Amino acid sequence: GGEPEVMVHIGTNDIGRKREEVQKGEFRELGRELRRRTAKVTISGLLPVPSDSESRNGVRWRINAWLRDWCRGQGFKFLDHWDLFWRSCDPYKNGLHLNPRLTNILAGRFAKATG
C-alpha cells in the first residue's frame, strides 16, 4: 500500500474550557506529529451546536476559520461542515450527539473525502 491517510474530526469538548490560542497550539502540535507520519491528512472541522450560546458558536466558527487557513498552509485537506449542519433544523438528538440522519451524512462526507 501507499502512504497512510489520516482523518481527524475536531470535537467541541474543549470549547469554553481552553482559550482559543491554547487550542490552536495543540492543533499545531498535532499537525507536526501527523506530518512526521504521513502527508495525507484531512481535518474535519467543528460542527455548530444551534442550541448552544452565540458566544460558544462564535468560538467554534473562529476556530474553524483558523483551521481552514492553517490546513491550507500545511497542505492538509479541511472538511467544512458548518453551513450544512447550521441550516439543519434539529441536527442533534440530545443537544450534543448528532441525530441518525446527520450521522449518516457526516459519515458519507468522511468516506468521500478519504475515498
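Ile-15 is buried in this predicted model, at a relative accessible area of 2% (buried means under 20% relative accessible area, exposed over 50%, and partly exposed in between, with a 1.4 Å probe and protein chains only). Ile-15 is placed in the loop that links strand 1 (5-9) to helix 1 (20-37); helices (H or I, at least four residues) and strands (E, at least two) are DSSP runs, numbered from the N terminus. With neighbours within four places in sequence set aside, the contacts of Ile-15 are Gln-23, Leu-46, Arg-56, Val-59, Arg-60 and Ile-63, where contact means heavy atoms within 4.5 Å. Cys-71 is 56 residues from Ile-15 along the chain, and the two C-alpha atoms are separated by 20 Å.

The model is predicted, with local features requiring pLDDT of at least 70 and side-chain atom pairs counted only at pLDDT 80 or more, while totals for chains, interfaces and linings use all residues. Residues are numbered from 1 along each chain as its sequence is written, and side-chain values use heavy atoms, with hydrogens and water left out.

Four helices and three strands make up the secondary structure of the chain. Their order from the N terminus is β-α-β-α-β-α-α. The radius of gyration is 14 Å, close to the 13 Å given by the globule rule for 115 residues, so the chain is as compact as a globular protein of that length. This radius is taken over C-alpha atoms, and the globule rule is 2.2 Å times the number of residues to the power 0.38. Along the principal axes, the C-alpha atoms fill a box of roughly 40 × 30 × 20 Å.

Buried residues account for 38% of the 115 in the chain. Of the contacts between residues at least 6 apart in sequence, 71% join residues at least 24 apart.

Thr-42 belongs to strand 2 (residues 40-44) and is buried, with a relative accessible area of 1%. Apart from neighbours within four places in sequence, Thr-42 is in contact with Glu-5, Val-6, Met-7, Val-8, Lys-77 and Leu-79.

Two loop residues on either side of strand 3 were also examined. Gly-75 is in the loop between helix 2 (54-74) and strand 3, and is exposed, with a relative accessible area of 54%. Not counting residues up to four places away in sequence, Gly-75 touches Arg-35 and Ala-39.

His-81 lies in the loop between strand 3 (77-79) and helix 3 (82-86). His-81 is buried, with a relative accessible area of 1%. Its side chain makes a polar contact of 2.9 Å with the side chain of Arg-109. A polar contact is a pair of N or O atoms within 3.5 Å; within protein, one must be able to donate a hydrogen and the other to accept it, and residues adjacent in sequence count only if both atoms are side-chain atoms. Beyond neighbours within four places in sequence, the residues in contact with His-81 are Ser-44, Gly-45, Leu-47, Leu-106, Arg-109 and Phe-110.

Ile-105 is located in helix 4 (residues 100-114) and is partly exposed, at 28% relative accessibility. The C-alpha atoms of Ile-105 and Phe-85 are separated by 9.9 Å, the residues being 20 apart along the chain. Ala-107 is also found in helix 4. Ala-107 is partly exposed, at 41% relative accessibility, and its C-alpha atom is separated by 22 Å from that of Ala-39, 68 residues away along the chain.
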